[in-house]
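Work through the exercises below with the sequence and the structure open. Each task is followed by a stepwise solution.

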Amino acid sequence: MRIQISHHTRYEYDRTVQFNPHLLYMRPRENPLLTVDSFSFTFSPEATIQWMRDDFDNLPASAQFFLQSDLLEIRSDCTVTTTDLPPFDFLVRDYARAFPFEYEPLHRFNLGIYLEPPDEETQSVVKRWIQENFPSQPSDTVSWIFALNQALYQNLSYKRRDEAGIQTSIQTLQQGGGSCRDYAVALIDCARTLGIAARFVSGYLHDPLVDGNASGDMHAWAEIFLPGAGWRGIDPTNGIFCQNAYVPVAHAVVAESVNPIQGSFQSRTPAFAKLRNDVRVRSR
């Protein structure tokens, strides 16, 4: 499938300011199942770009601005091609086919930061929530992960949140819902509490039901590591394993690390900004 993505962010300030360098996580990550056919940035005021590799081998762009302005516009346009494969087209190593399992020593070493459990209070809330909402747990590992994902999907209510920040898993589970990024963090904490390596993913999702009028925001989901299968995308907001409609941009241990636009400005007097964001994802 060919997917066209337009991401336009506009900051309007009440006075002229000087922009510090911005870090932009907006270019999709290429892999054997996803090819970036074209990608471009448009800036106002003008900026120079330097590409870099971050801690997790993502490809953010560093934007340097030299002109002051009361307006900052950042737009990315790209087209990607994704390969359509069944989401369960993978094999798990024999030792990990039944849940729970222990990662072999080399995996435990390599995956250490993705296995680190949350604080004790979060673990306690997670375990209690799982006991109450996920009582019949399959013994097969893949079935167990799918059922956990379904438990979150069925027991939480999606709530679009335009304000910055991410809820804690305690807030999401106790309040009964949140945004896609809140769902993803809750799933990650559930997985790590029970010994499954997990990481946060930021990207885009093509929804054929709104194709042609797709205006919204970036999407977030999680990836879990299965021995023999590697990192597999799983989306608790929609209750499914990820397939070719998902376009990952960046992954990290902590969700805040891969916010799409990270930057600041300088002003001699306090300045206030109005934010407008428009994301459109269509098939071609």
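**Exercise 1.** At roughly what angle do the axes of helix H3 (residues 120–133) and helix H4 (residues 141–155) cross? Classify the pair and describe the contact.

Solution. The model is a predicted one.
- Step 1: the axes of H3 and H4 come within 11 Å and cross at roughly 85°.
- Step 2: angles of 65 to 115 degrees count as roughly perpendicular, therefore H3 and H4 are roughly perpendicular to each other.
- Step 3: H3 contributes Trp129, Ile130 and Asn133 to the contact, and H4 contributes Leu148, Ala151, Leu152 and Asn155.
- Step 4: sorted by class, the contact has five nonpolar residues, two polar residues and no charged ones.

**Exercise 2.** Is Leu275 buried or exposed? Locate the residue and find its contacts.

Solution.
- Step 1: Leu275 lies in strand E16 (residues 273–283).
- Step 2: exposed means over 50% relative accessible area; Leu275 has 52% relative accessibility, so it counts as exposed.
- Step 3: neighbours within four places in sequence aside, Leu275 is in contact with Thr9, Arg10 and Tyr11.
- Step 4: Thr9 is 266 residues away from Leu275 along the chain, yet their C-alpha atoms are separated by 7.4 Å.

**Exercise 3.** Which residues have the most contacts inside the largest nonpolar core? Identify the helix that gives the most to this core.

Solution.
- Step 1: the largest nonpolar core has 79 residues, and Leu24 and Tyr204 have the most contacts inside it.
- Step 2: helix H6 (residues 180–193) gives the most to this core, with nine residues.
- Step 3: beyond its neighbours within four places in sequence, Leu24 is in contact with Phe41, Phe43, Pro60, Ala61, Ala63, Ile74, Pro260 and Ile261.

Notes
Residues are numbered from 1 along each chain as its sequence is written. This is a predicted model: local features need pLDDT of at least 70, side-chain atom pairs count only at pLDDT 80 or more; totals for chains, interfaces and linings use all residues. Side-chain values use heavy atoms; hydrogens and water are left out. Axes are lines fitted to C-alpha atoms, for helices over the stretch in contact, and angles run from 0 to 180 degrees between N-to-C directions. Helices (H or I, at least four residues) and strands (E, at least two) are DSSP runs, numbered from the N terminus. Angles under 35 degrees count as roughly parallel, over 145 as roughly antiparallel, 65 to 115 as roughly perpendicular and the rest as oblique. Contact means heavy atoms within 4.5 Å. Ala, Val, Leu, Ile, Met, Phe, Trp, Tyr, Cys and Pro count as nonpolar, Asp, Glu, Lys and Arg as charged, and the others, Gly among them, as polar. Buried means under 20% relative accessible area, exposed over 50%, partly exposed in between (1.4 Å probe, protein chains only). A nonpolar core is a set of buried Ala, Val, Leu, Ile, Met, Phe, Trp, Tyr and Cys residues joined through side-chain atoms within 4.5 Å.
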